[in-house]
Amino acid sequence: MKNKIKFTVLGEAVAQERARATTHRGRIRMYDPQNSRDFKQYVGLVASQHAPRKPLEGPLKVRMAIYRPMLKSFSRRRMGLAEQGLYRPTTKPDLDNYVKSISDALNKIIWKDDSQVVDLRVSKFYSEQPRIEIEVELLEIN
């Protein structure tokens with residue numbers, strides 16, 4: 001089994017939205033908005049192409065780099081700085097909302113449960129090619 005899994009999800013990342021609620025026969029039912037559900041399904045599909053035979057068990061180190069699309073209002077200079085990683089997104093959505101949707105999508109595919117993640121590094125960048133680069137490493141237990 002490999003110690004490290006690396007893959008890229010092409011396209012723009014979708015942050016986890018608040019759960020929606022509806023009532024049916026007097027009962028409250030919570031559900032994910034369609035946009036979040038579709039994104040998680042897509043990430044899961046891409047991840048399944050790189051998944052181990054069995055979902056990883058044990059402590060995990062995870063790195064995520066989220067590349068957001070360049071804004072149309074960027075000057076050439078700012079686009080150049082952004083491509084080099086010198087100008088970074090400081091706007092919403094928050095990093096933790098991206099992490100939630102991506103890690104939920106990887107449950108039972110890459111790892112058993114996202115509670116196994118003990119070391120996490122997430123970064124936001126701008127790029128002409130929006131994508132998410134994910135690296136998962138199983139930590140050795142001594």
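Buried means under 20% relative accessible area, exposed means over 50%, and partly exposed covers the values in between, with a 1.4 Å probe and protein chains only. By that rule R131 is buried, at a relative accessible area of 16%. The model is predicted, so local features need pLDDT of at least 70 and side-chain atom pairs count only at pLDDT 80 or more, while totals for chains, interfaces and linings use all residues. Residues are numbered from 1 along each chain as its sequence is written, and side-chain values use heavy atoms, with hydrogens and water left out.

R131 takes part in two contacts of its side chain. It lies over the face of Y67, at 3.7 Å from the ring centre; a charge sits over a ring if NZ of Lys or CZ of Arg is within 6 Å of the ring centre and within 35 degrees of the ring normal. R131 also forms a salt bridge with E133, with the closest N and O atoms 2.9 Å apart. A salt bridge here is a side-chain nitrogen of Lys or Arg within 4 Å of a carboxyl oxygen of Asp or Glu. E133 is partly exposed, at 29% relative accessibility. Elsewhere, salt bridges that share partners join K4, K6 and E135 into one network.

The count comes to seven salt bridges. One of them pairs D119 with R63, the closest N and O atoms being 3.3 Å apart. Because D119 lies in strand β5 and R63 in strand β4, this pair ties together parts that are 56 residues apart in sequence. Helices (H or I, at least four residues) and strands (E, at least two) are DSSP runs, numbered from the N terminus. Both partners are partly exposed, D119 at 29% and R63 at 24%. Another salt bridge joins K100 and D104, at 3.2 Å from N to O. These two residues are four apart in helix α3, and are therefore separated by about one helical turn. K100 is partly exposed at 41%, and D104 is partly exposed at 22%.

The structure also holds four aromatic pairs. Rings of Phe, Tyr and Trp (its six-membered ring) pair if their centres lie within 6.5 Å; planes under 30 degrees apart count as stacked, over 60 as edge-to-face and the rest as tilted. F74 and Y87 form an edge-to-face pair, 5.6 Å centre to centre with 80° between the planes. F74 lies in the loop between β4 and α2, and Y87 in the loop between α2 and α3, so the pair ties together parts 13 residues apart in sequence. F74 is buried at 9%, whereas Y87 is partly exposed at 28%. F74 also pairs edge-to-face with Y126, at 4.9 Å centre to centre and 85° between the planes. Y126 belongs to strand β5, 52 residues from F74, and is buried at 5%. F74, Y87 and Y126 form one aromatic cluster. R78 lies over the face of Y87, at 4.4 Å from the ring centre.

Helix α1 covers residues 34-48. Its buried residues are S36, F39, K40, V43, G44, V46 and A47. The buried residues of α1 pack against β1, α3 and β6, where contact means heavy atoms within 4.5 Å. The face turned away from the buried side carries the exposed residues Q41 and L45.

Methods: Expected span 1.5 Å × (residues − 1).
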